[in-house]
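Please look over the sequence and structure shown here. A short report on the ligand site and some local features follows them.

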Amino acid sequence: MKLILGIETSCDECSAAVVAHEPSRLTVKGLATFSQIRLHQPFGGVVPEVASRNHLETVNPMIEQALKTAGVGVKDIDAIAVTNRPGLVGALLVGVSAAKAMAYALKKPLVPVHHLEGHAASLFLDTPALEELELPLLLAVVSGGHTNLYVMKQPPEIWPLDFLKRSLVGRSRDDAAGEAFDKTAKILGFPYPGGVWIDRKAREGGNPAAFDLPRALPQKAILDFSFSGLKTAVSLQAEALRREGKLDERLPDLCASIQEAIVDALLSKMWLAARQYGCRTVALVGGVAANSRLRARLDSEWRAQGLSRAPLFPKPEYCTDNAAMIAAAGAFRFQQGLQVSGRDLLSLNAVANPEI
Ligand code: KG4
Ligand code: ZN
């Protein structure tokens, strides 16, 4: 068994976790996350400078708390895993610097982790998914920054270094799905981040067919997404309702219709890709995987799509950004020998926009 300390500061969550890695099993022993959402809310989005300053204050307390919950000391840790790409560079640097300092002082190996690999690995935390995995797997990473479809042909223990590049089969050409939720929610006056508010309002009896909103790129040959047109359509619709004084009363219907447009777009491409690549299972990770309508529709439609197994989701607490998923991805990479240590640590850096 290996104990991995994970650190995540790529955006607006400051998180540390201790994860135990046994063959085919990843168990979260301790997880501490400080969400900066309330700090950014007055600005309607994440302010990079505010994010990095706050990470500086919270990263050490989060590490201490994660170790304490796990009931272990730093000396018991086998490796430290940290998100070093992609993200806000100032925010990433805080986690990377903390991890490098710890690794150097304690003579521990350090594993740099790609944030999206972390989301992918979140599937395997505290579940038997690793043992039961049926490949190929269609993996949708759907977050505030990404809407990517991957076809995973290998188990995570042997993911090649460039697996995110090699297995990418579809992506958003403009806004990410989470961004589409957040931007349309902002138009309707909801606080940042708006995805969860749209989800909640739609559940107040909203009719998903009430408003006819656009679904871009319907062509079957295309596995990409486009969400930018939705913003304009919602903005025009909201303006019309406002003029009639009906926006408040129609809000559940409008939210349900927005949600349905995004969910329809995601599912139609997921099913197409699954069929095209002969996938046996589909999986959904990232903040938008917490969406209740998306989960419900995946659950009710997978059989009709000819899949052999129910869709996989991470536990809800591992959908949004957290360090347990970084520790999980780090554990797989550590097993492959992809750690950095000693003087090599000095050259490890944060990368805002890596090529992959
Ligand atoms: O993965 P994540 O925490 O951060 C990124 O890496 O981007 O995802 C955050 C995104 C936000 O856009 C947020 O609105 C969305 O996930 N989100 C939701 C829900 N919960 C979070 N979107 C729709 N429905 C939800 N229930
Ligand atoms: Zn994320």
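The report covers the ligand, then the salt bridges, then the backbone.

This is a predicted model, in which local features need pLDDT of at least 70, side-chain atom pairs count only at pLDDT 80 or more, and totals for chains, interfaces and linings use all residues. Residues are numbered from 1 along each chain as its sequence is written, chains are lettered from A and ligands numbered from 1 in the order written, and side-chain values use heavy atoms, without hydrogens and water.

**Ligand site**

Ligand 1 takes up the space of the largest pocket. A pocket, on a 1 Å grid over the protein atoms alone, is an open set of points where a 1.4 Å probe fits, with protein on both sides within 12 Å along at least five of seven lines. A molecule sits in a pocket if more than half of its atoms lie within 2 Å of its grid points. The elements that give two or more residues to the shell are α4 (115-121), α7 (177-187) and α8 (195-202). Helices (DSSP H or I, at least four residues) and strands (E, at least two) are numbered from the N terminus.

Around ligand 1 are 20 residues, and Gly144, Asp182, Asp199, Gly287 and Asn291 come nearest. A residue is near if one of its heavy atoms lies within 4 Å. The shell divides into six nonpolar, eleven polar and three charged residues; Gly counts as polar here, and Asp, Glu, Lys and Arg as charged.

The table lists polar contacts (pairs of N or O atoms within 3.5 Å).

| Residue | Polar atom of the residue | Distance to an oxygen atom of ligand 1 |
|---|---|---|
| Gly144 | backbone | 2.8 Å |
| Asp182 | side chain | 2.6 Å |
| Asp321 | backbone | 3.0 Å |

The protein covers 87% of the 550 Å² of accessible area that ligand 1 has on its own. Areas come from the Shrake-Rupley method with a 1.4 Å probe.

**Salt bridges**

The count is 19 salt bridges. Each is a side-chain nitrogen of Lys or Arg within 4 Å of a carboxyl oxygen of Asp or Glu. In one of them, Asp224 meets Arg173 at 3.0 Å, N to O. Asp224 lies in the loop between α8 and α9 (228-243) and Arg173 in the loop between β8 (168-171) and α7, so the pair ties together parts 51 residues apart in sequence.

**Backbone**

Most peptide bonds are trans. The bond from Leu135 to Pro136 is cis, with omega near -5 degrees. Pro136 lies in the loop between α5 (129-132) and β6 (137-142). Tyr192 and Pro193 are also joined by a cis peptide bond, with omega about -15 degrees. Pro193 is in the loop between α7 and α8.

Note on methods: Polar contact = N/O pair within 3.5 Å; in protein donor to acceptor, adjacent residues only side chain to side chain. 1 Å grid on protein atoms, 1.4 Å probe; cavity = no way out; pocket = protein on both sides within 12 Å on 5 of 7 lines; lining within 4 Å.
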